[in-house]
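Hi,

Here is the structure I said I would pass on. Have a look at it first, and my notes follow below.

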Amino acid sequence: MPTPIRFDNSYIRLPARFFAALAPTPVAAPKGVRVNVALARDLGIDPDWLAGDDGVAAIAGNALPPGAEPLAMAYSGHQFGHWSGQLGDGRAILLGETVVPDGRRYDIHLKGSGRTPFSRGGDGRAALGPVLREFLIGEGMHALGIPTTRVLAAVTTGESVLRQEGPLPGAVLARVALGHVRVGTFEHFAARDDDEAVRILADYCLARFYPALAEGPERYARLLETVIARTAALIAKWQCVGFIHGVMNTDNMSISGETIDYGPCAFMDVYHPGTVFSSIDHGGRYAYANQPRIAQWNLARFATALLPLLGAEEPAAIAAAQTAIDAFPAQFDAAYLAGMRAKLGLAGAEDGDRALVADLLERMADRHLDFTNTFRDLADGVDCEALGDWRDAWAARRARGATSAEAMAAANPVYIPRNHRVEAALAAAYEGNLAPFDQLLEVLRAPFERRPAFVIYAAPPAAHEVVEATFCGT
């Protein structure tokens, strides 16, 4: 019988202080929920195996697939701006890595797989709702063209987990990512003055994520610069679709440039720059408008961790790090403005484009307009009267350079994972009905194609459907 997943594991070959080697904790009665068939095939994994008894047992943690070498990764981080010391995979296990035909390496990572040495008193488990939420949001982000982790499969455990709402059905997901090394992984070793480990980790990231940069005396500076550039582009994509991560802690920022850890995340309905959904973000640190600034703050922590590698003399290393960090705002601004030009159908670049975008967003906030639908209405030629004379300035700008209607539509989704639709799908799943989940997933996988049968999924929430707070699920 062929090996179901072709493992070729590299992280476990790092020194022992990088992880704790242990197996997932078995569960009582695992049962398959859903398999991401397209993703499985892209990875060369048989989706029928994933849906069968052996695959369900592997995802649940009851049996290891051949070649898996499970471990919990060690990392630390700043959470809401405060140093949290040791964190690590408290409810997650890296089964190993698989290599696809084009040579890219992907982590196969379980979440909700039981307690580890990093659990800090937690139960190490996940509830069904947050697992399905991550499935929906990850697939939605992927379809929107945003780098992201994705769910490969989800199972229920036959056990309950206790959360604030009471006992909930337990679940485990298998997550796929280019990697799970975080800014907080570097901070973990830097805080311990373990320069050797920082260097080993940097070399690992260069070899795995950025092999073209892996040689030469400037390789660590190039690593920093590349992660900064990748992050600037990622956050610009978030801003252009109204996505709010909710917990932009340094342990939730990936070195590989992917969106990771979908806890209390949400998409805006009505536009306002101060929008916050996360129930634990009491001060609005991670509000929509703050995300670029917080990303730069997090990257400065990454640069600080790399200082021993950036120069033999500390002043030169600090100067190199500061120069790299100072480049972030311009990189973000360029990526964001390019995204907004695409959304507004503007060809070329003019000095007034930034003011045109700012004026539009100000009017949207003042008039309580839906973020996604306003942009899509402009793309579809709908007369947005609420925008007033802004429309004349926009038309004049497009007269000097415009993209095609098709290109503009391709930059403006019809469908996003609207909070009320996600919550409705999860509520139905808790009652044993996965039909709303399945239909929403189908909608989100083709977000730019307007389909009459799915018109309700483009509608903003009614007053009684508005979701004002989202939760991390731990």
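A bit of background before the notes: the expected span of a helix is 1.5 Å times one less than its number of residues. Helix 10 (residues 328-343) has 16 residues, and its first and last C-alpha atoms lie 22 Å apart, close to the 22 Å expected. Do keep in mind that this is a predicted model.

Staying with helix 10, its buried residues are Phe328, Phe332, Tyr336, Leu337, Met340, Arg341 and Lys343. In an α-helix there are 3.6 residues a turn, so residues three or four places apart point the same way. The cover over the buried residues of helix 10 includes helix 7 (219-241), helix 8 (291-310), helix 9 (314-326), helix 11 (353-366), helix 12 (371-379) and helix 14 (405-409). After helix 10 comes glycine 345, with a positive phi near 70 degrees.

Next, leucine 361, which sits in helix 11. Leucine 361 counts as buried because its relative accessibility is 8%, and the cut-off is under 20%. Among the residues that leucine 361 touches is Tyr336, one of the buried residues of helix 10. Leucine 361 also touches Tyr271, Phe371 and Phe375.

The other residue I looked at is glutamate 258, in the loop between strand 11 (243-244) and strand 12 (266-267). Glutamate 258 is buried but has no salt bridge; arginine 208, the nearest side chain of opposite charge, is 7.7 Å away. What does the side chain of glutamate 258 reach at 3.0 Å? That would be the backbone nitrogen of leucine 178. The contacts of glutamate 258 also include Pro147, Thr148, Thr149 and Leu234.

Cheers

Conventions. Residues numbered from 1 in each chain as written. Predicted model: local features only at pLDDT ≥ 70, side-chain atom pairs only at ≥ 80, totals over all residues. Heavy atoms only, no water. Helix = DSSP H or I, 4+ residues; strand = E, 2+ residues; numbered from the N terminus. Buried < 20%, exposed > 50% of the residue type's maximum accessible area, 1.4 Å probe, protein only. Lys, Arg positive; Asp, Glu negative; His and termini not counted. Salt bridge = Lys/Arg side-chain N within 4 Å of Asp/Glu carboxyl O. Polar contact = N/O pair within 3.5 Å; in protein donor to acceptor, adjacent residues only side chain to side chain. Contact = heavy atoms within 4.5 Å.
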